[in-house]
Amino acid sequence: MKPLIEVKNITIEFFLKNGNLKACDNVSFTIYKNEVVGIIGESGSGKSTLAAGILNLVQSPGKITSGEVYYYDDNDNKINLLDLNVNEFNEYRWMEIATVFQAAQNALNPVLKIKEHFVETVLAHNPDMSMEKIINKAEEVLKFVRLDTNVLEYYPHQLSGGMKQRVLIALSLILDPKVILLDEPTTALDVITQWYILDLLKDIHKRLGVTLIFLTHDISVISGIINRIAVMYAGELVEYGDVTEVFRDPSHPYTKGLLNAIPTLNDDITKRKAIPGNPPNLTQDFKVCKFSPRCSIFLEGNCEADREKTKVMYKINDEKCTRCYTLAERLEIVGKEGA
Ligand SMILES: Nc1ncnc2c1ncn2[C@@H]1O[C@H](COP(=O)(O)OP(=O)(O)O)[C@@H](O)[C@H]1O
Ligand SMILES: [Mg+2]
């Protein structure tokens with residue numbers, strides 16, 4: 001597998017009146033070409049901030065305080081995205097890395113027809129493209145999201161939530177990006193529409209080979225589409241690996257808790273247990289493992305929650321890494337990862 005985006009030790013802080021809030025804490029993660037990855041975590045765990053970091057779109061009072069984001073182009077040239085100026089980065093946004101943002105349905109301009117959204121997006125990056133070519137391309141990508149091409153003449157308010165989301169996915173495809181970052185792409189939608197959108201994304205991935213990165217709090221929605229999963233807690237990745245392997249045998253207590261909380265159609269819902277407690281305040285200077293106040297291993301006295309030991313990830317096998325050193329010690333650790 002060839003790397004496409006390599007996030008290295010990225011830390012993103014918000015400088016607030018009551019202290020510095022570390023929304024991403026030394027996150028390192030590689031996304032490979034043509035894969036489908038899910039980054040999962042409770043609301044507030046830092047997923048959207050990480051996405052903003054990858055796109056160098058972190059806004060004040062936030063700041064990337066350390067780390068690098070590398071992008072590997074078609075010729076495998078390695079580019080540090082955070083070193084680029086705004087104009088240089090804009091060449092990568094949309095053309096290479098497209099995004100469908102959280103609450104994206106409000107991203108459509110109510111006074112512009114759908115057609116004009118496509119035209120504006122293309123012309124911003126490709127001013128010489130003819131109108132005929134743009135419309136042809138728009139029609140092509142609308143077919144990918146199974147929308148009739150007559151929506152080009154509609155205004156956003158004439159579309160349902162699911163249709164708007166499909167327009168935005170089509171819009172993200174218009175410049176043939178290598179990767180699409182989707183932040184909570186199905187959260188505001190009903191279950192049937194969620195399923196439909198994931199199904200068409202699966203189809204798009206199969207046909208175009210575009211890399212997909214999903215960020216979501218809802219592990220059950222995306223479990224059927226992702227190849228790899230990364231689990232985020234309180235600004236840190238706590239586990240990542242092959243999705244089948246992680247689901248079969250999670251190696252971090254937080255992942256276990258998340259999987260335990262998913263209801264299935266034919267089980268007894270009273271047996272499903274939410275993870276006790278709440279996510280921590282991220283302005284504190286953590287002295288112990290961030291998850292320990294909610295962790296059964298710690299609460300049962302079987303771990304000393306050594307913060308230092310949770311500052312690296314432990315490789316369990318080729319498929320899986322964890323931040324939980326106690327579970328890692330119980331297994332045979334293959335090696336330590338960088339961060
Ligand atoms: N603009 C901002 N100003 C202050 N704090 C923020 C801002 N954006 C995000 N945060 C904080 O950063 C943390 C991570 O938030 P976010 O990245 O939105 O998480 P997620 O996408 O996983 O729900 C949260 O504690 C949130 O309150
Ligand atoms: Mg978010």
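Predicted model: local features only at pLDDT ≥ 70, side-chain atom pairs only at ≥ 80, totals over all residues.
View 1. Side-chain values use heavy atoms, with hydrogens and water left out, residues are numbered from 1 along each chain as its sequence is written, and chains are lettered from A and ligands numbered from 1 in the order in which they are written.

**View 2. Lysine 290 meets aspartate 25 in a salt bridge, at 2.8 Å from N to O.** This one ties together distant parts of the chain, 265 residues apart: lysine 290 sits in the loop between helix H9 (253-260) and helix H10 (296-299), and aspartate 25 in strand S2 (residues 19-32). Helices (H or I, at least four residues) and strands (E, at least two) are DSSP runs, numbered from the N terminus. How buried are the two partners? Lysine 290 counts as buried because its relative accessibility is 4%, and aspartate 25 counts as buried at 9%. The cut-offs are under 20% relative accessible area for buried, over 50% for exposed and partly exposed in between (1.4 Å probe, protein chains only).

**View 3. Glutamate 236 pairs up with arginine 323 in another salt bridge, with 3.9 Å between the closest N and O atoms.** Again distant parts of the chain are linked, 87 residues apart: glutamate 236 belongs to strand S10 (residues 236-242), while arginine 323 is in the loop between strand S12 (320-322) and helix H11 (325-330). Glutamate 236 is buried, at 4% relative accessible area, and arginine 323 is buried too, at 5%.

**View 4. Lysine 320 and glutamate 245 form a salt bridge, their closest N and O atoms 3.1 Å apart.** The pair joins distant parts of the chain, lysine 320 being in strand S12 and glutamate 245 in helix H8 (residues 243-248), 75 residues apart. Both lysine 320 and glutamate 245 are buried.

**View 5. Ligand 1 has 13 residues around it, and Gly44, Gly46, Lys47, Ser48 and Thr49 come nearest.** "Around" means that a residue has a heavy atom within 4 Å of the molecule. Look at the backbone here: an N or O atom of glycine 44 lies 2.7 Å from an oxygen atom of ligand 1. For glycine 46, a backbone N or O atom is 3.0 Å from a ligand 1 oxygen, and for serine 48 the figure is 2.9 Å.

**View 6. The second largest pocket holds about 390 Å³ of space.** A pocket, on a 1 Å grid over the protein atoms alone, is an open set of points where a 1.4 Å probe fits, with protein on both sides within 12 Å along at least five of seven lines; lining residues have an atom within 4 Å of a point. Its lining has 20 residues, of which Trp94, Thr99, Ala107, Thr121 and Leu171 lie nearest the centre. Strand S6 (97-100), helix H3 (114-125) and helix H5 (161-173) each supply at least two lining residues. By class, the lining has 11 nonpolar, seven polar and two charged residues.

**View 7. Threonine 30 is part of strand S2.** Threonine 30 is buried, with 19% relative accessible area. From C-alpha to C-alpha, threonine 30 and valine 69 are 9.6 Å apart in space and 39 residues apart in sequence.

Key:
Points joined across faces, edges and corners; volume = space filled by probe spheres on them. Nonpolar A, V, L, I, M, F, W, Y, C, P; charged D, E, K, R; others polar. Salt bridge = Lys/Arg side-chain N within 4 Å of Asp/Glu carboxyl O. Polar contact = N/O pair within 3.5 Å; in protein donor to acceptor, adjacent residues only side chain to side chain.
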